[in-house]
Amino acid sequence: GAFALAGCSNSNSKEDGKMGEGAGMTDGKDSMGKDSAGEADKAANSEKQKFPQFKAEDLATGETVDESIFSENAVTVVNFWFSGCSPCVNEMPHIQKESEQLKKANIGFLGISADAAYGDDVMKETKDIMSKQGVTYRNIAMPTDGEGREYVDKIRAFPTTVLVDREGNIIGKPIEGAIADEGGLSTTLLERINEILDKDSKSK
């Protein structure tokens, strides 16, 4: 669908070790325009790289999980967010709805909090947000160091979403900006998901 997409810039400072109050807003042209054309998107979807290794806390269960969780689904929608990002928080109920509807289709959803691991106060705020927004799809707190943290620190804007196949490969380029609203998931995201599902079914 065509939505008015917004996002927060990654203004986190390594000096104080906290995520900044992202204020840089982007509209739909900035966030998705470059990937929305059919042929360009097919080319983008052929690119792949391994998702970085991580050991992170599951925010609901407290268990430690790693990149092996991607093997549970044909494709996992990985949504990076942080507590001070309003567009990230606002789309959560819509992502939750989609996660429930698409679970049977072998499509998983994973939220990665970029700031929850930076202290007890931020962790509490993150969990409060999830509770208030009715989030039950898996969310993890990316640690403050390691390969996973290096990847998060390179993200330019939040929310950012990537698609990961069951082998743990990031398929295509990151999508910057919101991916869901009242009308469901963005057309760009759905097209990419369907391509990965198609390849997954043919590889069996």
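The structure is a predicted model, in which local features need pLDDT of at least 70, side-chain atom pairs count only at pLDDT 80 or more, and totals for chains, interfaces and linings use all residues. Residues are numbered from 1 along each chain as its sequence is written, and side-chain values use heavy atoms, with hydrogens and water left out.

The cysteines come first. A disulfide is a covalent bond between the sulfur atoms of two cysteines; here the criterion is a pair of cysteine sulfur atoms within 2.5 Å. Searching the whole structure gives one disulfide. Its partners are C85 and C88, with 2.4 Å between their sulfur atoms. The torsion about the S-S bond of C85 and C88 is about 80 degrees, so this disulfide is right-handed. C85 is buried, at 0% relative accessibility, and C88 is also buried, with a relative accessible area of 0%. C8 counts as buried too, at 2% relative accessibility.

Next come the charged pairs. Side chains of opposite charge can pair when their charged atoms come close. A salt bridge is counted when a side-chain nitrogen of Lys or Arg is within 4 Å of a carboxyl oxygen of Asp or Glu. By this rule there are nine salt bridges.

One of them joins K127 and E57, whose closest N and O atoms are 3.9 Å apart. K127 lies in helix α5 (residues 120-132) and E57 in strand β3 (residues 55-58), so the pair ties together parts that are 70 residues apart in sequence. Helices (H or I, at least four residues) and strands (E, at least two) are DSSP runs, numbered from the N terminus. K127 is partly exposed at 34% relative accessibility, and E57 is partly exposed at 28%.

Helix α5 also holds both D128 and K124, four residues apart, about one turn of the helix. Their side chains form a salt bridge with an N to O distance of 2.9 Å. D128 is partly exposed at 38% relative accessibility, whereas K124 is exposed at 54%.

A further salt bridge links D200 to R166 (2.7 Å, N to O). D200 is in helix α7 (residues 187-202) and R166 in the loop between β9 (160-165) and β10 (169-176), so the pair ties together parts that are 34 residues apart in sequence. D200 is buried at 11% relative accessibility, while R166 is partly exposed at 23%.

How values were computed:
Buried < 20%, exposed > 50% of the residue type's maximum accessible area, 1.4 Å probe, protein only.
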